[in-house]
Amino acid sequence: MAGFADLNLPAGPDKKGLQSLLEAAARLGYSAVALNHVIDFKEKKQEIVKPASPSELFPSLPIVQGTSKRIKVLNRLTLIVSDPSHCNLLRSTSANIRLYDIIAVFPKTEKLFHIACTTLDVDLVCINVTEKLPFYFRRPPVNVAIDRGIYFELLYTPAIKDSTMRRYTISNAISLMQICKGKNIVMSSAAERPLELRGPYDVANLGLLFGMSESEAKAAVSTNCRATLLHGETRKSACGVVYTVKKPRKVEEEETTLPACKKAKTQA
Amino acid sequence: MRMSVPLRRLRQAPRHLLVCEKSHARHARSRHAAHVRDHAYNCRVSFLIPECGTLPEVLKSTIADVGEYYLLRNLSLHELVTHEFIDTFVKKGSCHALTYNTKIDQDNTAALLPTGKLILSVDKDTYEELGLQGRPSQYSGKKVMRYIITIDLMDPSFHPDSKKHKRVLWALKEKKPLEFDFLLAWCNTGAEGSTLMSYFPKNQIQTLKPKITFSTLRDLQCPVLQSNELQGKPEESCSTEELFEWLGAVLNQVSLDNKSFSFLSTYCCPQPNTIVEQAFLCTITGFIIPEAIIQLLEKLCCYFDEPKLAHWLTLTVHGFADSPVSWRESEHGFHKGGENLYNFVVFRNLDYWLQMAVGTNDDCPP
């Protein structure tokens with residue numbers, strides 16, 4: 001079993017708030033957390049900013065309770081897409097996107113969900129828990145996503161805050177479970193305050209409510225998070241090879257029109 | 001039909017096992033000492049004597065003699081495999097070592113059994129980097145995430161020039177050096193030689209004594225037990241399961257009166273029960289080796305040499321939640337709880353009940 005991880009801690013501008021969140025997560029036993037930078041395309045044009053490296057933000061990382069290691073902090077980017085044109089950002093080669101360890105997408109329509117599961121190069125697909133799902137999950141895109149190694153993310157903090165959202169969380173999660181049978185699920189908080197964080201074993205118990213088995217629920221907070229991280233790393237390493245080929249005079253777009261795997265072979 | 005699946009799972013509690021055995025302490029084939037010796041790592045020992053107000057005389061010296069243990073910081077694992085260590089400590093006496101501050105379901109863990117076997121419980125990445133032969137953990141599921149490597153240090157084919165030894169040393173020293181904090185205890189079988197304190201550098205090793213606390217419980221409701229009735233007889237005695245639950249409540253200071261305004265617990269002492277004026281509870285916390293527990297058990301049996309008011313007394317031993325083994329070499333895991341404990345109930349006539357309990361990711365105790 002891997003260490004417990006919480007892959008969704010909203011990264012706000014408040015450094016002290018983030019520091020207290022990190023300390024709470026370390027005290028609860030999480031060995032890794034991911035700071036989530038959210039890009040919502042509905043608002044006016046947003047730039048993908050370079051994420052600050054954790055060593056700059058936090059001079060000393062807290063030690064995970066019960067071990068002697070420090071908590072690991074990663075960077076994650078979430079794109080809220082409501083239009084197919086928003087996905088172009090993922091295909092572009094903005095240098096900043098490579099600096100994130102995990103890339104997640106939050107599809108708002110059924111078509112975008114299908115595109116995210118089958119073609120987009122992401123690690124996580126977020127499932128809406130705050131409102132009734134506008135579409136039903138269908139088996140084909142979900143199975144393709146599971147084959148590609150993409151994980152579905154469920155949040156639990158909205159369920160703590162509001163009882164209506166609690167109902168939507170449970171109903172959306174159960175409908176997802178009926179299709180995917182408990183595989184490839186990651187559960188994370190979207191906690192803005194330390195009080196909204198819950199311990200990893202409690203989150204695994206919540207997974208039982210959604211219909212997962214004991215081992216699937218525990219994996220949703222540990223093994224599956226590790227798999228997501230590795231999936232993100234494979235994305236980084238393949239593109240890293242493309243970058244080393246970069247010749248100063250050639251234009252960037254020409255290089256990246258070739259699929260990444262072809263480049264990897266010639267450079268091996 | 002579909003919707004009932006999540007509800008069905010909620011009704012099932014995670015698996016746990018309780019094994020009960022009955023025998024007589026002076027019986028030739030009694031296995032009480034063997035069971036205690038097989039459970040190598042003990043972190044807490046408590047005994048409860050009803051109708052007793054202070055520490056009995058027979059136990060005073062045993063309590064004082066419970067051995068000290070050592071905490072080693074940042075010990076490289078390869079130091080436990082060097083022949084110097086093996087010849088000095090593992091072969092002469094029984095050496096117990098367990099990693100400290102590691103979680104069995106998240107991190108790498110190592111344990112050295114008194115039989116000379118070094119057990120490493122490592123995660124997938126470490127196993128693949130280490131390159132030693134091991135087997136997948138029994139509680140890992142389809143996607144194996146945990147592997148168990150067993151190295152027998154007392155194996156005659158493990159001498160300094162053998163390929164096996166060279167490979168193990170290379171793997172632990174150069175391929176993937178692993179460093180842990182260790183809890184160590186060594187029971188010397190009389191031979192003179194260096195001690196652990198002199199073997200390791202001063203700044204690394206620290207001696208610790210187990211913490212001992214005493215308390216006297218007043219007006220305690222105790223279940224009535226009959227030594228030959230394991231299942232209990234309605235209106236006459238309580239069963240072993242009821243005793244086990246009651247003992248858990250008492251040791252955790254849960255109140256037994258089920259007051260109407262208390263929302264924490266509605267637990268009541270099982271019937272039939274009697275109220276004893278006082279009961280003596282002693283708890284020893286630390287890294288306790290089985291030999292000390294066998295001595296303690298013997299002295300507790302000697303308590304009944306003189307006539308006493310108490311009908312029975314209990315001795316409870318808890319194992320470490322994060323140890324890779326429970327009894328002998330049975331793998332121990334941590335799902336939602338890592339309990340692996342055993343409990344002796346010794347009666348006036350020296351009959352005893354032995355209850356062994358394990359949690360979800362555990363084999364059945366022997």
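Trainee: How many residue pairs are in polar contact across the interface of chain A and chain B?

Mentor: This is a predicted model, in which local features need pLDDT of at least 70 and side-chain atom pairs count only at pLDDT 80 or more, while totals for chains, interfaces and linings use all residues. Residues are numbered from 1 along each chain as its sequence is written, chains are lettered from A and ligands numbered from 1 in the order in which they are written, and side-chain values use heavy atoms, with hydrogens and water left out. A polar contact is a pair of N or O atoms within 3.5 Å; within protein, one must be able to donate a hydrogen and the other to accept it, and residues adjacent in sequence count only if both atoms are side-chain atoms. Across the interface of chain A and chain B, with both residues at pLDDT 80 or more, the rule finds nine residue pairs.

Trainee: Which element gives the largest share of the side of chain A that touches chain B?

Mentor: Helices (H or I, at least four residues) and strands (E, at least two) are DSSP runs, numbered from the N terminus. The elements of chain A that give two or more residues to this side are helix H7 (163–180), helix H8 (200–210), helix H9 (214–221) and helix H10 (223–245). The largest share, five residues, comes from H8(A).

Trainee: What area is buried between chain A and chain B?

Mentor: Contact means heavy atoms within 4.5 Å, and here it takes 29 residues from chain A and 24 residues from chain B. Buried area is the accessible area (1.4 Å probe) that two parts lose on being put together, summed over both. Carbon and sulfur atoms give 49% of the area between the two chains, and the total is about 2300 Å².

Trainee: Which residue of chain A forms a salt bridge with Lys336(B)?

Mentor: A salt bridge is a side-chain nitrogen of Lys or Arg within 4 Å of a carboxyl oxygen of Asp or Glu. The count between chain A and chain B is four. For Lys336(B), the closest N and O atoms of the pair are 3.1 Å apart, and the partner is Glu214(A).

Trainee: What radius of gyration does chain B have, and why does this agree with a compact globule?

Mentor: The radius of gyration is taken over C-alpha atoms, and the globule rule is 2.2 Å times the number of residues to the power 0.38. Because chain B has 366 residues, a compact globule would have a value near 21 Å; the value for chain B agrees with this, being 23 Å.

Trainee: How far apart are the centres of domain 1 of chain B and domain 2 of chain B?

Mentor: Domain bounds come from an automatic or database domain assignment. For chain B that assignment gives domain 1 (15–67 + 211–358) and domain 2 (69–208). Taken over C-alpha atoms, the separation of their centres is 31 Å.

Trainee: Which residue forms a salt bridge with Glu329(B)?

Mentor: Across the interface of domain 1 and domain 2 of chain B, the rule finds two salt bridges. The closest N and O atoms between Glu329(B) and its partner are 3.1 Å apart, and that partner is Lys117(B).
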